[in-house]
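Hi everyone, thanks for coming.

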Amino acid sequence: MKKRMGIRGAIAAAAALLLLSAGTVAHASDVTVTAVVDATAPNGAVILEPGESTEVTVNLAVTGNQVGTATFKVYTKWTLTAGGFVGSEPTQRTVSPQSGGTTSSYTVSAVVEVAEGVAPQAYILTVGVFDIVNSNQTGAKLAAGDKATYTVTVPEVAPPTDSTPPSIEPVLDPSAPDGSNDWYKSDVSLSWTVSDPDSSVTTTGCEPTIITVDQFATDYTCTATSAGGTASQTVTIKRDGTAPQIEWVGGPSEGAEYYFGSVPAEPTCEATDATSGIDGDGCVVSGYSAAVGPHELAATATDLAGNKAGQTVDYEVLAWTLKGFYQPVDLGTLNVVKSGSTVPLKFEVFAGETEFTDVSAIDTFKVGVIDCGSLTGVPTDDIEQYSTGATVLRYDTTGGQFIQNWQTPKGKAGSCYQVKLVTDDGSALTANFRLK
Ligand SMILES: [Ca+2]
Ligand SMILES: [Ca+2]
């Protein structure tokens, strides 16, 4: 007997579970439990955005005759996901035996929440009881009754309003041209700051870039579009980090030596620049000299970006070689000569191996009185040979030398004189005389 009753009870429980899932009234029972969600709003509704939740009250009524004790369960939490409602956190209630015509009530507080990402539309939550267990296996038993429904509407998210296009700002490093005339001389880093707090942005031409090579003026444009419209910004970048090229035109050669009188004329220079061009000063030469001594020529040029170029040429101007005075005059001694006589000053002038034969190479011939006392101790030498020719400077082709005939002052016996012959290059020969 007990065994057969147990079989019937199992069949009844299976039928109850089946009916619960089907959402209809259990006709095989004498008593039903009817679920109603939110007594103040039967078949109520709520609007919840993703992430929001609300509390609801589930009212349950058990009506009719029930022989033994029974239990049922109901969820206290419902989560709306992309796949529908998922119940959790079940709570259990116990129904005591009751006679026909009576009703017992049960209240369950529950939470309904909407997960993030749920699409906007209306969803129907169906609430019912489950896991009904009856202590008696015969007679009137508890079974599931009607289910309640509850509508949860996930609203359309209102599109953001945006009436302004994105803001665009170029970010430059260096922040401003570091050369003259708006030229950059160093590498230029360009990026863009694009923003729109109101809506999403798409961009064109806003990729960061680095300009490392010289270029003429080039435009870079960043265009950005949002729901508020399209904006664009343009920056112009020109770069010249290269100094001009300089070329000498004529002039002395680097490291060269020139004898005085043979120095090349002052050179000019030409400057070229591939990108920004040469500034108004052009190519400038300084330091030229044809005088005896070492010299350094400098050529300088600046381009419009401010890059400077310079070149130098070092050369030396050599003095002439003066030989003489020859006999009868002696150098390093005090020549003694009769007052009023004419002394031939004989000498040669060479530029390297080349001998000058033109009197134009001679700059000056000067005679000055000097204090004989300053010559004390200097050996003396009598001049026995006096000149008979012209008293002017000439080149004597026979002797292969210059002759400057100097007529000594008359009536100046006892006086001392110094003669000094200076050539065009500044070289000089001097000799001292005492008249007798
Ligand atoms: Ca905007
Ligand atoms: Ca340049």
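So, let's start with an open sheet of three strands, in the order β2-β10-β7, with mixed pairing. A quick word on terms: strands here are DSSP runs of E, at least two residues long, while helices are runs of H or I of at least four, and both are numbered from the N terminus. Two strands pair if DSSP finds at least two bridges between them. At the edges of this sheet sit β2, residues 45–47, and β7, residues 121–127, each pairing on one side only. From one strand to the next, the twist averages 20°, using lines fitted to C-alpha atoms as axes and angles from 0 to 180 degrees between N-to-C directions.

Strand β10 covers residues 148–154 and pairs with β2 in the parallel sense, over three bridges. If you want a spot to look at, Ile47 stands opposite Thr153 in β10.

Now, how far can we trust this? It's a predicted model, where local features need pLDDT of at least 70 and side-chain atom pairs count only at pLDDT 80 or more, though totals for chains, interfaces and linings use all residues. Residues are numbered from 1 along each chain as its sequence is written, and chains are lettered from A and ligands numbered from 1 in the order in which they are written. pLDDT is the predictor's confidence in each residue, from 0 to 100. The protein averages 85, and 87% of the residues score at least 70. But residues 1–31 stay under 50, and residues 35–42 stay under 50 too.

Zooming out, the protein has one helix and 32 strands. Of its 436 residues, 25% count as buried, meaning 20 or more other C-beta atoms lie within 10 Å of a residue's own, placed from the backbone (12 or fewer is exposed, in between is partly exposed).

One last stop: is Lys238 buried or exposed? Lys238 is in strand β16, residues 229–239, and counts as buried because it has 21 C-beta neighbours inside 10 Å. Leaving out residues up to four places away in sequence, Lys238 touches several residues, including Asp182, Trp183 and Ala217; a contact means C-beta atoms, placed from the backbone, within 7 Å. Ala217 is 21 residues away along the chain, yet its C-alpha atom and that of Lys238 are separated by 4.2 Å.

That's my tour, thanks!

Technical notes
Two residues are in contact if their C-beta atoms, placed from the backbone, lie within 7 Å.
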